[in-house]
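Dear colleague,

I am passing on the structure that we spoke about, so that you can look at it alongside my notes. Please open it first and then read on.

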Amino acid sequence: MSKLAATDLHFSFDGRPLIAPAGSTVAGALVRNGVSSWRRTRVKGHARGVFCGIGTCFDCLIDVNGERAVRACLRALREGDRLETSSSTGAGPDA
Amino acid sequence: MADDELPERAEVVVIGAGIIGCAVAALLQAEGLEVCVVDQVGPAAGSSSAGEGNLLVSDKLPGLDLELARASLALWRDLADELAGGFEYEPKGGLVVAPDEAALSQLVALAEAQRAEGAVLSVVAGSELAALEPNLSREVAGGVFYEEDAQVQPMLAVDALVRALRGRGGRLVGGVTVRGATRAHDGRIARLSTSAGDIGVGRAVVNAAGAWAGEVATLLGGYVPVTPRRGHVLVTEPVAPFTPHKVYESGYVAAIHEDARGYRTSAVVEATPSGTMLLGSSREFVGFSRTVNSAVRASIAARSIRLFPALASVRLLRTYVGFRPATPDRLPVLGEDVQVPGLLHATGHEGAGVGLAPASARAVLALLGGRDPGFALDPFSPARFAPARQ
Ligand SMILES: Cc1cc2nc3c(=O)[nH]c(=O)nc-3n(C[C@H](O)[C@H](O)[C@H](O)COP(=O)(O)OP(=O)(O)OC[C@H]3O[C@@H](n4cnc5c(N)ncnc54)[C@H](O)[C@@H]3O)c2cc1C
Ligand code: FES
């Protein structure tokens with residue numbers, strides 16, 4: 001990992017503190033930190049992360065600061081973001 | 001011969017690899033005809049991948065409309081067995097709900113007329129709705145439950161039909177745009193010219209080009225009045241199914257038959273096996289515009305939440321639009337062109353092409369001299385529309 005720069009952002013994934021350069025997407029920030037999966041499929045529980053990378057496939061859903069079903073490949077990372085494994089698991093709507 | 005090469009000729013050439021073209025082709029090939037389907041893109045590239053997969057009796061008016069739909073839904077049941085499934089066929093029944101007493105009495109009147117023609121249904125009082133649909137708003141006045149309504153995943157259904165077609169020795173070639181025709185002395189189409197060269201026609205050409213069928217007919221010297229009627233579908237995040245049946249507002253049926261300017265929306269709520277929910281519906285004539293209308297989207301969302309308040313906490317992922325192939329009288333066109341012998345139209349199914357696909361295939365088979373389809377064909381002939389030019 002490159003050394004800490006003034007433009008680096010601090011965020012967390014499932015409670016684990018991580019760092020990524022400003023300008024990263026949420027997906028980019030996770031992958032850069034070695035996280036490749038942040039969602040499981042509803043029926044078979046297969047691991048999912050970034051796939052198309054351009055907002056088309058909706059494979060990369062993640063929770064950002066409590067907001068569900070955000071596309072990680074489109075969302076720009078912000079300082080202090082709390083990222084969590086997607087809760088759009090098929091357990092909703094109120095679960 | 002490679003699957004992606006246009007053959008020299010075929011007995012029957014089907015234009016369009018949507019649900020209609022593929023259902024027609026799979027059946028004709030099974031009946032011993034030699035079929036080639038061509039599509040400018042490939043299987044399910046048009047409206048068949050831009051709608052929903054409801055197989056409905058409930059929204060059909062008594063008479064021709066209902067007779068065709070009931071015949072087709074029975075054929076879907078057979079197809080689910082014959083093709084060994086794989087396309088999420090769910091005979092789960094449909095619940096049509098009325099927001100108020102006035103709408104309810106209209107709905108019940110329609111239901112009684114449909115029942116008189118054989119539709120299997122029961123009227124559900126407001127107080128009994130919760131037993132069928134626990135998450136439905138208590139504000140709803142009442143409804144009608146239609147046992148025959150079912151659902152498929154249209155893209156998977158197209159895929160299953162294409163596999164059946166190819167398994168029987170039939171052909172489907174994508175990336176082939178039909179541009180025109182060479183006619184024989186008797187007026188029949190001898191050859192089709194396409195972006196991939198010519199293809200000879202043995203017996204017939206089937207125009208199954210969906211919302212583009214009007215343009216294709218014109219290219220071939222014929223006429224069919226089909227225009228695109230746009231619809232929006234909202235897609236939610238995956239949720240655990242909380243709507244056991246398909247549920248829609250009774251105003252949906254009137255919307256089909258209305259000719260209003262602007263747009264008209266009514267809530268149609270469908271859970272899918274993948275967990276996402278599909279929320280419709282809208283109708284508007286805006287050509288082939290693909291720009292999502294945010295007012296339409298908001299209206300569909302609000303109407304859906306009014307039926308199922310729990311939807312308010314479900315996230316929307318995206319919205320897509322599709323084009324229903326609409327005729328002036330909202331009935332499909334299944335018959336030979338008035339001016340071009342051997343050009344058979346199988347199109348104009350508006351918002352019911354998936355449901356009506358197997359019956360449409362039977363109609364085309366009968367037009368080619370095959371067995372009786374079990375329903376009256378004449379009323380669906382393109383002869384009912386005055387040709388634009390003679
Ligand atoms: C929002 C929405 C919701 C819907 N919901 C339902 C539903 O719940 N149940 C239901 O039954 N129906 C529904 N429908 C309607 C249904 O989708 C259509 O009636 C059906 O898909 C039409 O099938 P098709 O095969 O005729 O047309 P298409 O699937 O559009 O196929 C036509 C094909 O022709 C090809 N083509 C066009 N021009 C040419 C050319 N010149 N050369 C070669 N190929 C050409 C196109 O590429 C296309 O693949 C819905 C439609 C919409 C828009
Ligand atoms: S990776 Fe495909 S939408 Fe994000």
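Below I describe the ligand site and then some strand pairing in chain B.

This is a predicted model, in which local features need pLDDT of at least 70 and side-chain atom pairs count only at pLDDT 80 or more, while totals for chains, interfaces and linings use all residues. Residues are numbered from 1 along each chain as its sequence is written, chains are lettered from A and ligands numbered from 1 in the order in which they are written, and side-chain values use heavy atoms, with hydrogens and water left out.

Around ligand 1 there are 37 residues, of which the closest are B:Asp39, B:Ser47, B:Ser48, B:Asn54 and B:Glu350; a residue counts here if one of its heavy atoms lies within 4 Å of the ligand. Polar contacts (pairs of N or O atoms within 3.5 Å) involve the backbone: a backbone N or O atom of B:Asn54 is 2.7 Å from a nitrogen atom of ligand 1, and one of B:Gly351 is 3.0 Å from a nitrogen atom of the ligand.

The largest share, four residues, comes from β16(B). Domain 1 (9-50 + 155-225 + 329-389) and domain 2 (94-147 + 227-325) of chain B both contribute residues to the shell, so ligand 1 lies between them; the domain bounds come from an automatic or database domain assignment.

Turning to the strands, which pair if DSSP finds at least two bridges between them, β11 (residues 197-207) of chain B runs parallel to β1 (residues 9-15) of chain B, to which six bridges join it, and B:Ala10 has B:Val201 as its bridge partner. With β10 (residues 189-194) of chain B, β11(B) pairs in the antiparallel sense over four bridges, and the two strands form a hairpin with two residues between them. β11(B) also pairs with β18 (residues 343-347) of chain B, in the parallel sense and over three bridges, with B:Val205 opposite B:Leu343.

With best wishes

Conventions
Polar contact = N/O pair within 3.5 Å; in protein donor to acceptor, adjacent residues only side chain to side chain.
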